[in-house]
Amino acid sequence: MLTIGTIVLGVNNVAAATEFWNSALGYVPREPGDDTWVTLAPPSGPGALLSLMLSETPVQDRPRIHLDLYAEDQGAEVERLVSIGARRVDWDLYPEDPDFIVLEDPDGNRFCVIDKSDG
(Lines give C-alpha, C1' and ligand atoms only; values in the text may rest on other atoms or scores of the structure.)
Protein backbone atom coordinates (compact mmCIF):
# COMPACT_ATOMS: atom_id res chain seq x y z
CA MET A 1 0.00 0.00 0.00
CA LEU A 2 1.19 3.52 -0.79
CA THR A 3 0.61 6.67 1.24
CA ILE A 4 1.41 10.31 0.53
CA GLY A 5 4.43 11.24 2.58
CA THR A 6 5.57 14.61 1.26
CA ILE A 7 4.10 17.31 -0.93
CA VAL A 8 6.78 19.31 -2.75
CA LEU A 9 6.38 22.95 -3.80
CA GLY A 10 8.76 24.72 -6.13
CA VAL A 11 9.73 28.14 -4.77
CA ASN A 12 11.99 31.05 -5.75
CA ASN A 13 13.40 31.59 -2.25
CA VAL A 14 13.53 28.63 0.14
CA ALA A 15 14.17 30.75 3.25
CA ALA A 16 11.26 33.13 2.56
CA ALA A 17 8.95 30.24 1.69
CA THR A 18 9.99 28.44 4.88
CA GLU A 19 9.07 31.52 6.90
CA PHE A 20 5.66 31.84 5.19
CA TRP A 21 4.67 28.18 5.48
CA ASN A 22 5.97 27.99 9.05
CA SER A 23 3.69 30.92 9.92
CA ALA A 24 0.80 29.55 7.87
CA LEU A 25 0.83 25.97 9.17
CA GLY A 26 3.02 26.02 12.24
CA TYR A 27 5.21 23.41 10.53
CA VAL A 28 8.90 23.32 11.45
CA PRO A 29 11.98 22.12 9.55
CA ARG A 30 12.40 18.38 10.02
CA GLU A 31 16.15 18.85 9.74
CA PRO A 32 18.30 21.84 8.78
CA GLY A 33 17.63 22.86 5.20
CA ASP A 34 19.71 24.88 2.79
CA ASP A 35 19.17 27.36 -0.04
CA THR A 36 17.78 24.63 -2.31
CA TRP A 37 15.61 22.39 -0.13
CA VAL A 38 13.88 22.06 3.21
CA THR A 39 11.25 19.67 4.53
CA LEU A 40 8.70 21.01 6.98
CA ALA A 41 6.83 18.75 9.40
CA PRO A 42 3.98 19.14 11.87
CA PRO A 43 5.55 19.93 15.25
CA SER A 44 3.38 17.44 17.11
CA GLY A 45 4.21 14.33 15.13
CA PRO A 46 2.43 12.55 12.29
CA GLY A 47 0.98 14.28 9.27
CA ALA A 48 1.82 15.12 5.68
CA LEU A 49 5.20 16.76 5.16
CA LEU A 50 5.73 19.84 3.00
CA SER A 51 9.03 20.19 1.17
CA LEU A 52 10.13 23.43 -0.44
CA MET A 53 12.45 23.06 -3.41
CA LEU A 54 14.30 25.82 -5.24
CA SER A 55 12.79 26.08 -8.71
CA GLU A 56 13.17 28.29 -11.75
CA THR A 57 9.99 26.94 -13.33
CA PRO A 58 7.32 29.62 -13.81
CA VAL A 59 4.25 29.43 -11.57
CA GLN A 60 1.09 28.15 -13.29
CA ASP A 61 -2.09 30.25 -13.20
CA ARG A 62 -4.11 27.03 -13.07
CA PRO A 63 -1.81 24.50 -11.44
CA ARG A 64 -2.49 20.83 -11.98
CA ILE A 65 -1.82 20.14 -8.31
CA HIS A 66 -2.30 22.38 -5.28
CA LEU A 67 -2.80 22.31 -1.51
CA ASP A 68 -6.24 22.33 0.11
CA LEU A 69 -6.05 23.69 3.64
CA TYR A 70 -9.04 22.90 5.88
CA ALA A 71 -10.34 25.63 8.18
CA GLU A 72 -12.98 25.68 10.88
CA ASP A 73 -13.11 29.50 10.57
CA GLN A 74 -12.37 30.11 6.91
CA GLY A 75 -12.70 33.91 7.03
CA ALA A 76 -10.33 34.28 9.96
CA GLU A 77 -7.77 31.91 8.41
CA VAL A 78 -7.89 33.70 5.05
CA GLU A 79 -7.31 37.05 6.78
CA ARG A 80 -4.45 35.57 8.84
CA LEU A 81 -2.81 34.09 5.75
CA VAL A 82 -3.12 37.38 3.85
CA SER A 83 -1.59 39.21 6.82
CA ILE A 84 1.53 36.99 6.64
CA GLY A 85 2.02 37.37 2.88
CA ALA A 86 -0.57 35.33 0.98
CA ARG A 87 -2.46 37.10 -1.78
CA ARG A 88 -6.06 36.74 -2.89
CA VAL A 89 -6.53 35.31 -6.38
CA ASP A 90 -9.16 36.62 -8.78
CA TRP A 91 -10.41 33.12 -9.59
CA ASP A 92 -12.87 32.95 -12.50
CA LEU A 93 -13.75 29.28 -11.98
CA TYR A 94 -15.62 29.54 -8.67
CA PRO A 95 -18.84 27.48 -8.65
CA GLU A 96 -22.18 29.01 -7.63
CA ASP A 97 -21.72 28.49 -3.87
CA PRO A 98 -18.03 27.73 -3.26
CA ASP A 99 -16.73 26.26 -0.02
CA PHE A 100 -13.19 27.34 -0.92
CA ILE A 101 -11.19 30.53 -1.40
CA VAL A 102 -8.17 30.59 -3.70
CA LEU A 103 -5.02 32.26 -2.42
CA GLU A 104 -1.38 32.21 -3.47
CA ASP A 105 1.75 32.14 -1.35
CA PRO A 106 4.46 34.81 -1.77
CA ASP A 107 5.98 32.72 -4.59
CA GLY A 108 2.66 32.59 -6.45
CA ASN A 109 1.88 28.94 -5.63
CA ARG A 110 -1.91 28.71 -5.48
CA PHE A 111 -3.75 26.93 -2.69
CA CYS A 112 -7.30 26.76 -1.39
CA VAL A 113 -8.72 27.39 2.05
CA ILE A 114 -11.68 25.06 2.46
CA ASP A 115 -14.56 25.87 4.82
CA LYS A 116 -14.91 22.83 7.09
CA SER A 117 -17.09 24.55 9.71
CA ASP A 118 -20.11 22.36 9.00
CA GLY A 119 -18.42 19.01 8.64
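User: Is E96 buried or exposed?
Analyst: A quick heads-up: this is a predicted model, where local features need pLDDT of at least 70, side-chain atom pairs count only at pLDDT 80 or more, and totals for chains, interfaces and linings use all residues. Residues are numbered from 1 along each chain as its sequence is written, and side-chain values use heavy atoms, leaving out hydrogens and water. E96 sits in the loop between β6 (87-88) and β7 (100-104), with helices (H or I, at least four residues) and strands (E, at least two) being DSSP runs numbered from the N terminus. Its relative accessible area is 82%, and since buried means under 20%, exposed over 50% and partly exposed in between (1.4 Å probe, protein chains only), E96 is exposed.

User: Which residues form the nonpolar patch on the surface, and how much accessible area do they have together?
Analyst: One member, W37, lies in strand β3 (residues 37-41) and counts as partly exposed because its relative accessibility is 33%. Areas come from the Shrake-Rupley method with a 1.4 Å probe, and for residues only the protein chains shown count as cover. The patch is V8, W37 and M53, and together they have about 240 Å².

User: How far apart are the closest N and O atoms in the salt bridge of R62 with D92?
Analyst: A salt bridge here is a side-chain nitrogen of Lys or Arg within 4 Å of a carboxyl oxygen of Asp or Glu, and the count by that rule comes to seven. R62 and D92 form one of them, with their closest N and O atoms at 2.5 Å. This pair links distant parts of the chain, 30 residues apart: R62 is in the loop between β4 (49-54) and β5 (67-71), and D92 is in the loop between β6 and β7. R62 is partly exposed at 47% and D92 exposed at 55%, and the N to O distance asked about is 2.5 Å.

User: Which residues are linked in a network of salt bridges?
Analyst: R87 pairs with E104 at 3.0 Å between the closest N and O atoms, joining strand β6 to strand β7 across 17 residues. R110 also meets E104, at 3.5 Å from N to O, and both R110 and E104 are buried. R87, on the other hand, is partly exposed, with a relative accessible area of 35%. The network takes in D61, R87, E104 and R110.

User: Which residues does UniProt list for "domain: VOC"?
Analyst: UniProt positions use the numbering here, feature names are shortened, and annotations may be inferred rather than shown by experiment. The unreviewed UniProt entry gives the domain as residues 3-116.

Definitions and conventions. Patches are made of residues with over 30% relative accessible area and no salt bridge: like charges are joined within 9 Å, nonpolar side chains (Val, Leu, Ile, Met, Phe, Trp, Tyr) within 5 Å.
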